[in-house]
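Subject: Structure handover

Hello,

Here is the structure I said I would pass on. Please look it over before reading the notes below it.

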Amino acid sequence: MKRYLFVTAILLATGLHATAQTPEQLWESANTAYINENYQEAVKDYESIRAQGYESDQLYLNLGNAYFKRGMTGKAIVNYNRALRLSPSDEDVLYNLGIANTYVQDKIDVVPTFFVHRWMAELRSGLTSNAWAGLSLICFSAMLAALLIYLLSGGVKWRKAGFYGVLGMIALFIMTAIFAGAQRKILMRPNGAIIMSNAAPVKSSPDRSSKDIFVLHEGTKVTVKDSLGDFREIIISDGNKGWIEASAIEMID
């Protein structure tokens, strides 16, 4: 009897494995479901691809689109943000995220920053950490080439060009290396989240009986600063902060 049960279990496991769809099959199935306006099935198949450990900017874009078509703004926005993490300058993702954000109830002012800091942050976020690392290697190679020109050239003009080239490439190398490190830090230490509840009270302390200081709504982006039990300390773009139940948010990463 035990042997029969053991063999049956093996056969069932083998059958389940055989019927499991590959990511490629799920991708085709999800895209077909989306085209046929079966958005619930599309979401299920796209999420199944994620569950198998796969991710790409196109996967998150399509998943966000399917959630948006289902009227699930928070889920759409969190997946658009995941797509931007992998492809920060993707115009389709940026456009769709902008559309989805118009459906967010909370209109929060951004704390003003010095324009140079803001410009540098926008420049840094335009590329991934790998792209900035690649540029830093190019700058380093160009710096070595300029150094060789300076050392080996006999003409004054070429030596000047090599000297200033070295200085310029050093500056660019340092900047791109810093940007690569900053983007890598953001990638490795994710703290962005999206509100998933229709109305989520933000409290003065990590306690359900504490005072509500303000309320956030589905789709609003927050930054998670700390955690304690079932609560997360969050801060929003205008600088206000408080504690919110973990079940009310979904981390972007």
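The notes below go from the whole chain to its cores and then to the annotated spans.

This is a predicted model, in which local features need pLDDT of at least 70 and side-chain atom pairs count only at pLDDT 80 or more, while totals for chains, interfaces and linings use all residues. Residues are numbered from 1 along each chain as its sequence is written, and side-chain values use heavy atoms, with hydrogens and water left out.

Whole chain. The chain has nine helices and seven strands (DSSP runs numbered from the N terminus: helices are H or I of at least four residues, strands E of at least two). Of its 253 residues, 32% are buried (buried is under 20% relative accessible area, exposed over 50%, partly exposed in between, with a 1.4 Å probe and protein chains only). Among contacts with a separation of 6 or more, 55% join residues 24 or more positions apart (contact means heavy atoms within 4.5 Å).

Cores. The largest nonpolar core has 26 residues, and Y46, I77, Y80, V93 and I194 have the most contacts inside it (a core is a set of buried Ala, Val, Leu, Ile, Met, Phe, Trp, Tyr and Cys residues joined through side-chain atoms within 4.5 Å). At least two residues of this core come from each of α2 (23-35), α3 (39-51), α4 (57-69), α5 (73-86) and α6 (91-101). Another core, of 13 residues, lies apart from it and includes V202, L216, V222 and I234. Leaving out residues up to four places away in sequence, I77 touches L97, A100, N101, V104, I194 and G219.

Annotated spans. An unreviewed UniProt entry lists residues 131-151 and 163-182 as "transmembrane region"; its positions are in the numbering used here, feature names are shortened, and annotations may be inferred rather than shown by experiment. Residues 131-151 are 100% helix and 0% strand, with end C-alpha atoms 30 Å apart. Residues 163-182 are also 100% helix and 0% strand, and their end C-alpha atoms are 29 Å apart.

Helix α8. L152 lies in helix α8 (residues 129-152) and is exposed, with a relative accessible area of 70%. A146 is in helix α8 too, but A146 is buried, at 9% relative accessible area. What does A146 contact, leaving aside neighbours within four places in sequence? The partners of A146 are G162, G165 and V166. The C-alpha atoms of A146 and Y164, 18 residues apart along the chain, are separated by 8.3 Å.

Regards
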